[in-house]
Amino acid sequence: MSTLQDSTLLNGLRQNDYKTLDKIYETYLPKITAMVIRNKGTRDEARDVFQEGLVVLFNKLNSPDFELTTGFSAYFYGTCKFIWLRQLKKKYRTEVTLEDDEG
C-alpha cells in the first residue's frame, strides 16, 4: 500500500519536478549503489542500474493502469534489483543469486 509520501513522489515525477527527482537521487542512489557493489558491481554500473530503474518507473507512470501496490521504496529497489540481476546473468552467463539485506 502506498503512503502519502509515495503519492507525493509519484505526482512530482509525473509533473517533471526536479526537486522530486533530486530527492529520489539523494535517497535511493546510495541504496542501489550499495546493493550493486555488494553483488560484484561497480559504482558506474550502479548509476546505470539506477538510471534504467528511473526509465522503467517513468514508463510505468505514463501507463494509465499503473497503480503502486507497494511502497515506493520497495517498488524502486525491487525494479533496480531485477535490472542488476538480469545484467549479472548476461555478464556471467550463469544462475546468479544476489546478496540482499533490503527489499
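Colleague: How many helices and strands does the protein have, and which pattern do they follow along the sequence?

Modeller: The model is a predicted one. It contains four helices and zero strands, and reading along the sequence gives the pattern α-α-α-α.

Colleague: What share of the residues is buried?

Modeller: Of the 103 residues in the protein, 33% are buried. Contacts can be read by sequence separation as well: among those between residues at least 6 apart in sequence, 65% join residues at least 24 apart.

Colleague: Is Thr-33 buried or exposed, and why?

Modeller: Burial is judged by relative accessible area, with buried meaning under 20%. Thr-33 has a relative accessibility of 9% and therefore counts as buried. Thr-33 belongs to helix α2, which covers residues 18-38. A polar atom of the Thr-33 side chain lies 2.8 Å from the backbone oxygen of Leu-29.

Colleague: Which residues does Thr-33 touch, leaving aside those up to four places away in sequence?

Modeller: With those residues left aside, Thr-33 touches Arg-43 and Ala-46. Ala-46 lies in helix α3. Ala-46 counts as buried because its relative accessibility is 0%. Again not counting residues up to four places away, Ala-46 touches Ile-32, Thr-33 and Val-36.

Colleague: Which residues in α3 and α4 meet?

Modeller: On the α3 side they include Glu-45, Val-49, Phe-50, Glu-52 and Leu-57. On the α4 side they include Phe-72, Tyr-75, Ile-83, Trp-84, Arg-86 and Lys-91.

Colleague: Why can charged side chains pair?

Modeller: Side chains of opposite charge can pair when their charged atoms come close. The cut-off for a salt bridge is a nitrogen-to-oxygen distance within 4 Å. By this rule the count is three salt bridges.

Colleague: Where does the salt bridge partner of Glu-45 lie?

Modeller: Glu-45 forms a salt bridge with Lys-91, and their closest N and O atoms are 3.2 Å apart. This pair links distant parts of the chain, as Glu-45 is in helix α3 and Lys-91 is in helix α4 (residues 72-92), 46 residues apart. Lys-91 is partly exposed, with a relative accessible area of 43%.

A salt bridge also joins the side chains of Glu-52 and Arg-86, at 2.5 Å from N to O. That pair likewise links distant parts of the chain, from Glu-52 in helix α3 to Arg-86 in helix α4, 34 residues apart. Glu-52 is partly exposed at 28% relative accessible area, and Arg-86 is partly exposed at 32%.

Colleague: How many residues apart are Arg-47 and Asp-44?

Modeller: They are three residues apart, about one turn of the helix, and both lie in helix α3 (residues 43-61). Arg-47 is partly exposed, its relative accessible area being 40%.

Note on methods. Residues are numbered from 1 along each chain as its sequence is written. This is a predicted model: local features need pLDDT of at least 70, side-chain atom pairs count only at pLDDT 80 or more; totals for chains, interfaces and linings use all residues. Side-chain values use heavy atoms; hydrogens and water are left out. Helices (H or I, at least four residues) and strands (E, at least two) are DSSP runs, numbered from the N terminus. Buried means under 20% relative accessible area, exposed over 50%, partly exposed in between (1.4 Å probe, protein chains only). A polar contact is a pair of N or O atoms within 3.5 Å; within protein, one must be able to donate a hydrogen and the other to accept it, and residues adjacent in sequence count only if both atoms are side-chain atoms. Contact means heavy atoms within 4.5 Å.
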